[in-house]
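This report describes the pockets, the ligand surroundings and the cavities of one protein model. Please keep the sequence and the structure in view while reading.

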Amino acid sequence: MRTRLSEEQELLKETVHQFAAEVVAPIAKEVDESGEFPKDFFPQAAELGLAGVAIPEQYGGSGMDTVSYCITIEEISRYCATSGVILSVNNSLVCGPLLEFGSEEQKREYLTPLASGKKLGCFALTEPGAGSDAGSLRTMARRDGDEYILNGNKVFITSGTDADLALVFATVDLELKHRGITAFIVPCDTPGFRRGSKEYKLGVNGSGTTELVFEDMRVPAAQRLGEEGEGFKIAMRALDGGRIGIAAQAIGIARGAFEEALIYAQEREQFGKPLARFQAIQFYLADMSTELDAARFLTWKAAWTKDTRGRCTLEAAQAKLFASEMAQRTTNKALQIHGGYGYTREYNVERYFRDARITEIYEGTSEIQKMVIAAAVLAD
Ligand code: CAA
């Protein structure tokens, strides 16, 4: 594994950092407070080639690697976790499986507009009764000639309010359990597709988390992704990539909290000296800095494993578990360093603290990551 970024990756980091600082940072507070989806962000990010960072150029992407994708998500999430997750879902949960499992025609028709950012994607797996236990989903897909008829509903769908296209998982036969699950590419203007109620959340407030409802929605068989019954595997493979993105998002949030706590600790004086001169605060900063680097190494290792070995289930789960829990600890310490001011809306750290919490939940809770890690190490 490379421990230094290539010239191309360094350049990307610099470019995305500048974009994030100049374009994303100014909208972050407003997006959080209004809870509105940042409509301009995705097309602007797409202009820089960030809608499909690791997707080959022939399909509208930037043809870079998964470490580059991690750099992108970290830099954006440093200022705005909402924007980070919108980008992460499009890149890894929608473009990723289309690239891996799509036919040539599906890649041209659906992947290319998503990876170039002309369209925005969402990933519709979770249901009211199937969260951690994704294999128990109940949305039905009944074959009818050259079409499938889908009925059911999904919840907690990131970007569901604004997406143009959804990757929908439904079962062709409940008796088959996870082996009946099948994936479908569904444009959101398909008759029978309806956006349901939007969630009001603790953090990542602008990410457009919504319910999706399918009522006798007819989907041509040509829009099935992969084979009948292959959907659960497709979802799990997509989530391996997605978890790397969420780990990078957690690192971005934690880095924001760390950088701002570092400045505050040197400026704020109590008992006649800056907070940074107190050993208690120094120890907080030392832990934060060390854990951030550790999380980044785990995440880049997972990214590198994905690019070189393909299967990265263990590494992605380790990275997401550690990075998300690190973000919780780091944002908590940053808030503590800011004292009473940190608890107010005047400073960003309270937002970072709230935004970090979801990284321990979505794309598989910490408990699910531990199940995945334990299964992998026991199988060795
Ligand atoms: N890659 C490929 N195949 C995989 C796989 C992977 N990573 N993980 C499992 N599989 C295969 C297994 O090999 C097995 O194959 P066979 O049918 O051939 O036996 C099959 O899938 C079933 O595997 P398990 O028995 O391990 O499945 P399970 O029902 O016990 O579930 C689980 C495993 C890890 C708990 C899984 O259900 C899971 O990841 N749950 C969490 C769901 C989740 O992360 N949801 C997130 C929703 S999306 C989201 O959050 C997006 C957002 O908003 C940002």
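What volume does the second largest pocket have? In this predicted model, the second largest pocket has a volume of about 380 Å³. Its lining consists of 23 residues, and those closest to the pocket centre are Thr 66, Gly 96, Leu 99, Gly 241 and Lys 306. Four helices, α3 (66–79), α4, α6 and α7 (279–309), each contribute at least two residues to this lining. The largest share comes from α4, with 7 residues. By domain, the lining of the second largest pocket takes at least three residues from domain 1 (7–119) and at least three from domain 3 (232–379). By class, this lining comprises 10 nonpolar, 6 polar and 7 charged residues.

The largest pocket has a volume of about 1100 Å³. It is lined by 42 residues, and Thr 126, Ile 361, Tyr 362, Glu 363 and Gly 364 lie nearest its centre. At least two lining residues come from each of α4 (81–101), β3 (147–157), α6 (231–267), α9 (349–358) and α10 (366–379). Among the contributors to the largest pocket, α6 gives the most, with 7 residues. The lining of the largest pocket divides into 21 nonpolar, 10 polar and 11 charged residues.

**Ligand surroundings**

The ligand is surrounded by 26 residues, of which Ser 132, Thr 158, His 178, Arg 243 and Glu 363 are the closest. Glu 363 also belongs to the residues nearest the centre of the largest pocket.

| Residue | Protein atom | Ligand atom | Distance |
|---|---|---|---|
| Ser 132 | backbone N or O | nitrogen | 2.8 Å |
| Thr 158 | polar side-chain atom | oxygen | 2.7 Å |
| His 178 | polar side-chain atom | oxygen | 2.6 Å |

**Cavities**

How many cavities of 30 Å³ or more does the model contain? The count comes to 2.

The largest cavity has a volume of about 40 Å³. Its lining is formed by Lys 29, Asp 32, Glu 33, Arg 345, Tyr 347, Asn 348, Glu 350 and Arg 351. Two elements, α1 (7–34) and α9, each give two or more residues to the lining of this cavity, and the largest share, 3 residues, comes from α1. Which classes of residue line the largest cavity? The lining has 6 charged residues, together with 1 nonpolar and 1 polar residue. Domain 1 (7–119) and domain 3 (232–379) each supply at least three residues to the lining of the largest cavity.

The second largest cavity holds about 30 Å³ of space. Ala 28, Asp 32, Cys 80, Ala 81, Thr 82, Asn 205, Arg 351 and Asp 355 form its lining. At least two residues of the lining of the second largest cavity come from each of α1, α4 and α9. By class, this lining has 3 nonpolar, 2 polar and 3 charged residues.

Methods. Residues are numbered from 1 along each chain as its sequence is written. This is a predicted model: local features need pLDDT of at least 70, side-chain atom pairs count only at pLDDT 80 or more; totals for chains, interfaces and linings use all residues. Side-chain values use heavy atoms; hydrogens and water are left out. On a 1 Å grid over the protein atoms alone, a cavity is a set of points where a 1.4 Å probe fits but cannot get out, and a pocket is an open set with protein on both sides within 12 Å along at least five of seven lines; lining residues have an atom within 4 Å of a point. Grid points are joined across faces, edges and corners, and a volume is the space filled by probe spheres set on the points. Ala, Val, Leu, Ile, Met, Phe, Trp, Tyr, Cys and Pro count as nonpolar, Asp, Glu, Lys and Arg as charged, and the others, Gly among them, as polar. Domain bounds come from an automatic or database domain assignment. A residue is near a molecule or strand if one of its heavy atoms lies within 4 Å of it. A polar contact is a pair of N or O atoms within 3.5 Å; within protein, one must be able to donate a hydrogen and the other to accept it, and residues adjacent in sequence count only if both atoms are side-chain atoms.
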